[in-house]
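Welcome to this short tour. Open your viewer, keep the selection tool at hand, and follow along one stop at a time.

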Amino acid sequence: MNRLLLAAYPESYRCRRGEELLACLSEAYPGRSWPPPREIAALVRAGVQARARATVDDVARPWWLDGIHLAALVLATLALVPYLQDVWHWALHIDPGRDAIAFRFSGWYPWAQGPGTRTRLLPYGLLPLVCLVALLRGRAWIALPAAVMMIHAGATVGGSATLFGDEGKQGLGYYGLGAPLTARDLVLSGALCTACTVLAACRPGRLRRHPYRWLIPVALAMSVAGGLHITSVSPSFQRGLFVLEAAAVVAAWVATSATGDRRWLIPVTAFAVIHTQAIVARPSWFTRSLPDLAVFLLLIAPLPVLAITARRRRDRALLDRGQR
């Protein structure tokens with residue numbers, strides 16, 4: 001099981017020192033499949049720092065372009081989260097019936113209808129899923145039309161369009177730390193479309209391409225949400241997302257403190273802005289799982305922390321360079 005910890009490190013590090021690290025763990029903790037929690041935290045932190053340094057050392061693209069790419073991935077993930085269950089059921093031809101909270105019917109065929117629901121051909125969640133897969137592979141020219149379609153679908157909710165119907169677009173969406181984000185949130189889809197436009201305007205070779213194994217967590221999330229009928233209104237779902245969001249922010253801080261690079265500030269800013277506007281636009285939809293002030297602090301506080309951390313790290317690097 002110690003080999004799973006090596007996944008936190010970049011491939012180049014694993015090739016050079018992977019076996020040495022495993023040997024050290026086996027010698028330090030004989031007979032244990034996992035080291036103590038403190039050691040796990042230290043290894044994961046070192047892995048994140050190593051990945052961050054490898055990313056910064058790659059000069060094939062400017063830091064701001066990589067930051068916009070990361071922000072687009074975050075926004076596509078945010079847009080997909082409410083529809084994990086719906087896409088899973090649609091793909092496997094499952095009708096969840098009464099277990100589908102906020103999704104009245106999840107039919108596969110174009111003529112499949114639920115009570116009071118118009119016919120639809122595709123689930124809305126396929127659009128952010130296409131965006132996410134295309135962005136992971138560095139193909140922004142594929143993600144851009146999907147993002148444009150997201151804006152159109154959100155703007156025409158309740159109209160005569162039947163491609164996506166109205167299922168999964170009028171019900172409750174992703175809560176996380178604040179108000180829900182649904183297809184009606186054109187700020188989310190508009191920001192995603194803007195990011196995809198900037199990325200599509202660049203040469204495809206300049207964008208970072210991630211392997212398909214990065215989609216394994218997405219498939220697992222769909223399986224859990226669809227198999228257990230967990231939706232974004234579930235308390236366990238919200239707690240799990242809160243843990244993941246907190247872990248992502250901590251990882252961004254570790255990467256920034258290790259390199260002094262500002263690229264990780266861009267996706268964190270996009271995340272904070274989207275959630276903040278959702279809370280301000282619909283205060284009556286706020287979940288109240290935490291006090292209002294605490295939520296705003298949790299959303300906004302990471303921004304100055306990351307900026308100050310990057311500045312201090314860069315100043316320290318310049319000082320060390322001057323002393324040499």
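In what order do the elements of the protein chain run from the N terminus on? They run α-α-α-α-α-α-α-α-α-α-α-α-α. That makes 13 helices and zero strands; helices (H or I, at least four residues) and strands (E, at least two) are DSSP runs, numbered from the N terminus.

Before you click further, note that this is a predicted model, in which local features need pLDDT of at least 70 and side-chain atom pairs count only at pLDDT 80 or more, while totals for chains, interfaces and linings use all residues. Residues are numbered from 1 along each chain as its sequence is written, and side-chain values use heavy atoms, with hydrogens and water left out.

**Stop 1: the whole chain**

Colour the chain by pLDDT, the predictor's confidence in each residue, from 0 to 100. The average is 78, and 77% of the residues score at least 70. Confidence is lowest in helix α1 (residues 2–5), with a mean of 72, and highest in helix α6 (residues 126–136), at 94.

Now show the surface. The chain exposes about 16,700 Å², and carbon and sulfur atoms supply 65% of it; accessible areas come from the Shrake-Rupley method with a 1.4 Å probe, and for residues only the protein chains shown count as cover. Of the 324 residues, 45% count as buried (buried means under 20% relative accessible area, exposed over 50%, partly exposed in between; 1.4 Å probe, protein chains only).

**Stop 2: A225**

Select A225 in helix α9 (residues 216–227). A225 counts as buried because its relative accessibility is 3%.

**Stop 3: a charged network**

Next, select D66, R208, D261 and R263, which are linked in a network of salt bridges. A salt bridge here is a side-chain nitrogen of Lys or Arg within 4 Å of a carboxyl oxygen of Asp or Glu. In general, side chains of opposite charge can pair when their charged atoms come close. How many salt bridges does the count come to by this rule? The count is three.

Start with R208 and D66, whose closest N and O atoms are 2.9 Å apart. This pair links distant parts of the chain, with R208 in the loop between α8 (186–200) and α9 and D66 in helix α4, 142 residues apart.

Move on to D66 and R263, where the closest N and O atoms are 2.8 Å apart. D66 lies in helix α4 and R263 in the loop between α10 and α11, so this pair ties together parts 197 residues apart in sequence.

Finish with R263 and D261, whose side chains meet in a salt bridge of 2.7 Å, N to O. Is D66 buried or exposed? D66 counts as buried, because its relative accessibility is 4%. R208 is buried as well, at 17%, and so is R263, at 3%.

**Stop 4**

D261 is buried, at 9% relative accessibility. Leaving aside neighbours within four places in sequence, D261 is in contact (heavy atoms within 4.5 Å) with V56, W63, T256 and A310.

Click on W63 in helix α4 (residues 63–80). W63 counts as partly exposed because its relative accessibility is 31%.
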